[in-house]
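Thank you all for coming; I would like to take a few minutes to walk through one model with you. Please have a look at it first, and then we can go through some of its parts together.

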Amino acid sequence: MLKLVAGFYLVFFLCSSGYSQNQENTVSAKEVLERLTKLQGDSYNLGDFKNFKLYTDSILTLAKANQLKAYEIDAVIRLGVYYNSLGSYDTSMKYYLEALEISKNIPDSYKKETIILVNLGNVYNQIEDHNKAQKSFDKALKYIEDFGGPDVYRMAVYTGLSDAATGNRDFNTALEYLEKAKGIGEKLKRDDIIINTLNEMAENYLELKQFQQALAHSQQAENLYTDKQSIERRALSLYLMGASLVGLENYEEAVLPLQMAQGIAISNQFLKIEMDTYKQLAKSFEKLGHLEKANMQYKGYINAKEKYLQTLSKAKRFEIEKELAKTEVKLKKESTFKWTSILIGIAITFILLGVLLVYQKKKKHAELEAYQLKEDRLLLQDENEALKAKILKLVKEKTIPSLTQNDDEKSKKTSLTSAEQEQYVQKILDYMETEKPYLDHEIKQSTLAERLNMSVHLFSEVLNVCFEKNFNNFMNLYRVDKAKQLIKDPAFSNYKILALGYEAGFPSKTSFNRVFKNLVGQTPSEYRQQHLSVVNL
């Protein structure tokens, strides 16, 4: 099951209801704490955990200094939420138990204890101790029934009980709890709650192999998404849509939502979603006969799995590794059976023919990649002409008869007329030159498409067909061109190389060095040194 911090997000809002004590504290301290709490909540909603932690530490320090126990308890709970979101379950549980101890010394302690019990239940679910989780949630529910409490408390308990039921493979019971939680979300008009419950319902339907139901629920969640919601929610909804379509064997239709989910996950380091999208895309491409793409996705899955496992606690990592090992063994058995059946049924001549075709396809792909790299290097070599003009000229005059498809094959790749292709090419190049979106290292394909008043599909199609590049290669071409300009500009001679890379739009030192070396043939430092030598001469 794909479990994220969604459940803890709901618990976070339990804390936000805050109970103030009738102590003699300065009004200014409370006002500051309220402002910090608001900023803290906004950071969590946006998935900005770095600032979420900073605000929480500030609240804790100020609360202790002014002896505001309610704020102190909330801050300790939120530290538990923070470490839980990182997968540091042992540290998270330590903070929850600390908060539980502090809460015993305040009036109406059951209110805080309810919140803490819900959080503890979620931790138990994360470390696969679902029976302890259920006991924790049952105790929290009894507090609510005995003393009353807001609907959001009950909703969090239902969500936690559904996770415990899911962990015990009782998916129908889990769906019953989620239906109750969703009803509370609708009553409170809280789209965040509704999206979370819809996603979790989709996960349970996937486990039951009721793929149509899973697809319907994940689509509902995606339709509710707005910019005010956490981007992680959208990544999960898109992944679940893709996984549901894979289950329905609609492999071609599954690719787009899975690639969108993968893009969001990679950009935001949502490692679990990244890992699972690689796996589903590998399966989709294999079924569609795109063996090279399938192989690339499987390699990505292996790398993402390693990074994901490193973020988990030892106990959680052991459980996940066992689960993944079972899945991979199952996939290998299915693959072995499939290919054995094929080999028995196919004559040796067809096998040899297939090997020859695969070899030719790989060779052609390698030649095309080498040609495109050479082409990009040539575009960046001639510095007497603007990049826009060089790209436009190349697009108009390009002919690669030995590598690219013939006209009939090319026409099958796109429904755009020549006039439409020329119009979109000019529109994209004009925007790149005037607005320079490549300088924003966080720019996404969907964002740029929206600014160009184009659909993501259309934008991607124009890049692939007209420029013969994907989004990242296209943006990096401009970034390298900009970096070269900055390196040669005397006004930036005292800047560090890395600073110039960031200025040109690269997100990290690694990507800057790698891409620059590929396209220029030298590292940025070597290029600067060569330029200085020429100037001195």
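Predicted model: local features only at pLDDT ≥ 70, side-chain atom pairs only at ≥ 80, totals over all residues.

The protein chain contains 26 helices and 0 strands, and of its 537 residues, 47% are buried. If we look at contacts in the protein chain with a separation of 6 or more, 63% of them come from residues 24 or more positions apart. As for the surface, the chain exposes about 28,200 Å², of which carbon and sulfur atoms supply 52%.

For helix 4, which covers residues 69-85, and helix 5, which covers residues 89-103, the angle is about 165° and the axes are 7 Å apart. Angles over 145 degrees count as roughly antiparallel, and helix 4 and helix 5 are therefore roughly antiparallel to each other. On the helix 4 side, the residues that meet helix 5 include Ile-73, Val-76, Ile-77 and Gly-80, while on the helix 5 side Tyr-95, Tyr-96, Ala-99 and Ile-102 are among them. Sorted by type, the residues of the contact of helix 4 with helix 5 divide into 11 nonpolar, 5 polar and 3 charged.

Helix 4 also holds Ala-70, which counts as buried because its relative accessibility is 4%. Computed along the sequence Ala-70 and Pro-107 are 37 residues apart, and in space their C-alpha atoms are 9.9 Å apart.

The contact of helix 5 with helix 6 divides into 10 nonpolar, 5 polar and 2 charged residues.

What about helix 6 and helix 7, the latter being residues 130-147? Their axes come within 8 Å and cross at roughly 160°, and helix 6 and helix 7 are therefore roughly antiparallel to each other. Their crossing is left-handed. Among the residues that make the contact are Leu-117, Val-118 and Gly-121 of helix 6, together with Ala-133, Phe-137, Ala-140 and Ile-144 of helix 7. By type, the residues of this contact of helix 6 with helix 7 are 11 nonpolar, 6 polar and 3 charged.

Gln-67 is found in the loop between helix 3, residues 49-65, and helix 4, and although it is not a glycine, Gln-67 has a positive phi of about 55°. Is Gln-67 buried or exposed? With a relative accessibility of 58%, Gln-67 counts as exposed. Lys-189, in the loop between helix 9 (171-188) and helix 10 (191-207), is likewise not a glycine and has a positive phi of about 55°. Lys-189 counts as exposed, at 73% relative accessibility.

Ser-284 lies in helix 14, residues 271-287, and counts as buried because its relative accessibility is 0%. Leaving out residues up to four places away in sequence, Ser-284 touches Val-246, Tyr-251, Ala-254, Val-255 and Leu-258.

Ile-497, in helix 24, residues 497-503, is buried with a relative accessible area of 14%. Which residues is Ile-497 in contact with, leaving aside its neighbours within four places in sequence? They are Ile-487, Phe-512, Pro-524, Ser-525 and Arg-528. Of these, Pro-524 is 27 residues from Ile-497 in sequence, and the two are 6.9 Å apart in space, C-alpha to C-alpha.

Key:
Residues numbered from 1 in each chain as written. Heavy atoms only, no water. Axes fitted to C-alpha atoms, helices over the stretch in contact; angles between N-to-C directions. Helix = DSSP H or I, 4+ residues; strand = E, 2+ residues; numbered from the N terminus. Parallel < 35°, antiparallel > 145°, perpendicular 65-115°, else oblique. Contact = heavy atoms within 4.5 Å. Nonpolar A, V, L, I, M, F, W, Y, C, P; charged D, E, K, R; others polar. Buried < 20%, exposed > 50% of the residue type's maximum accessible area, 1.4 Å probe, protein only. Areas by Shrake-Rupley, 256 points an atom, 1.4 Å probe, with all protein chains shown as cover. Left-handed = near helix turned anticlockwise from the far one by under 90°.
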